[in-house]
Amino acid sequence: MKLATLKDGTRDGQLAVVARDLKTAQLADGIAPTLQRALDDWTFIAPQLQQLYQDLSNGRGRRTFAFDPAQCMAPLPRAYQWADGSAYVNHVELVRKARGAELPASFWEEPLMYQGGSDDFLGPCDDIALFHEEWGIDFEAEVAVITDDIAMGATPDQAYQQIRLLALVNDVSLRNLIPDELAKGFGFLQSKPATSFSPVAVTPDELDDAWKGGKVHLPLRSTWNGKLVGQPHAGVDMIFNFPQLLAHLAKSRNIRAGSIVGSGTVSNKDSKRGYSCIAEQRCLETIAGGAPVTPFMAFGDTIRIEMLNGDGKSIFGAIEQTVTRAGA
């Protein structure tokens with residue numbers, strides 16, 4: 001099934017079920033007011049949402065209305081936890097190679113992961129509002145999972161059973177703030193502003209055969225200012241699958257229902273597939289010619305991130321955002 005959260009003037013929005021073709025929707029207020037409430041009691045609530053979804057997709061929905069992604073918040077407008085991995089080691093390898101640094105062998109053996117801010121997510125069509133272009137504004141196209149409870153010390157197989165939903169992510173980065181932050185040895189903070197999410201989150205079965213091995217086996221498309229700049233395959237070169245990322249996070253802590261874990265920037269070794277973030281393209285330019293050529297994003301730039309199924313139909317809807325000057 002496909003679930004969305006609609007803007008209603010509150011912090012957590014209103015849960016809605018969305019038809020498979022993303023054309024119509026129906027409020028789920030009679031079942032659960034918010035997505036977090038549904039996740040808190042998934043075993044009981046999910047079957048009711050599933051029935052609503054089947055009725056809606058078969059044209060038997062009640063109180064239906066046209067689905068408008070512009071009226072969506074993030075599926076979880078705020079979450080108990082947002083942790084982002086770096087499952088595509090090719091991306092990390094390129095970044096380090098561009099600055100003449102070796103990739104430690106451990107990077108192939110254990111995932112990288114950082115804890116991001118989860119109190120203020122952006123909806124799929126919300127502006128990316130920032131104060132300065134000089135911060136080095138970059139998009140990052142990713143896939144993420146939303147979980148049920150996962151116990152501390154869970155194995156990847158155990159974690160796999162607790163994946164409830166998947167969504168697309170634009171993990172915005174401020175590249176020119178990153179070096180000083182990392183030099184302090186304490187990770188990302190100011191260089192990672194609010195993260196954006198797709199209009200809908202979907203249950204794994206919506207992906208059919210594309211969901212296997214804890215990975216999504218489909219291309220992820222990024223269109224910058226109307227130009228398709230990347231469509232790397234999300235199932236290729238993903239060194240750590242989602243169950244492995246979750247087990248890594250759960251090594252020393254419980255993961256609670258409503259936690260979101262990202263894949264990191266989707267990246268393929270085949271550079272002909274394009275890029276999911278500008279930094280990667282700039283690294284390739286540096287490696288080839290000694291210096292980057294492609295600029296970071298400017299105010300007025302647009303970014304669209306989307307994943308299509310084998311029939312060319314959008315699965316999650318599109319993230320479509322414009323970079324704007326905050327306070328303008």
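The structure is a predicted model, so to speak of local features requires pLDDT of at least 70, side-chain atom pairs count only at pLDDT 80 or more, and totals for chains, interfaces and linings use all residues. Residues are numbered from 1 along each chain as its sequence is written, and side-chain values use heavy atoms, with hydrogens and water left out.

Cavities come first. A cavity here is a set of points, on a 1 Å grid over the protein atoms alone, where a 1.4 Å probe fits but cannot get out; points are joined across faces, edges and corners, and the volume is the space filled by probe spheres set on them. Two cavities reach 30 Å³ or more. The largest has a volume of about 40 Å³, and its lining (residues with an atom within 4 Å of a point) consists of Thr-5, Asp-12, Thr-34, Leu-35, Gln-36, Pro-75, Leu-76, Pro-77 and Arg-78. That makes four nonpolar, three polar and two charged residues, with Ala, Val, Leu, Ile, Met, Phe, Trp, Tyr, Cys and Pro taken as nonpolar, Asp, Glu, Lys and Arg as charged, and the others, Gly among them, as polar.

The second largest cavity holds about 30 Å³ and is lined by Ser-86, Val-89, Val-92, Phe-107 and Leu-112: four nonpolar, one polar and no charged.

Val-89 and Val-92 turn up again in helix α3 (residues 89–98), where they are buried along with Asn-90, His-91, Leu-94 and Arg-96. Buried means under 20% relative accessible area, with a 1.4 Å probe and protein chains only; helices are DSSP runs of H or I, at least four residues, numbered from the N terminus. The cover over these buried residues includes α7 (278–289), counted by contact, i.e. heavy atoms within 4.5 Å. Just after α3, Gly-100 takes a positive phi of about 75 degrees.

Key
On a 1 Å grid over the protein atoms alone, a cavity is a set of points where a 1.4 Å probe fits but cannot get out, and a pocket is an open set with protein on both sides within 12 Å along at least five of seven lines; lining residues have an atom within 4 Å of a point. Buried means under 20% relative accessible area, exposed over 50%, partly exposed in between (1.4 Å probe, protein chains only). Helices (H or I, at least four residues) and strands (E, at least two) are DSSP runs, numbered from the N terminus.
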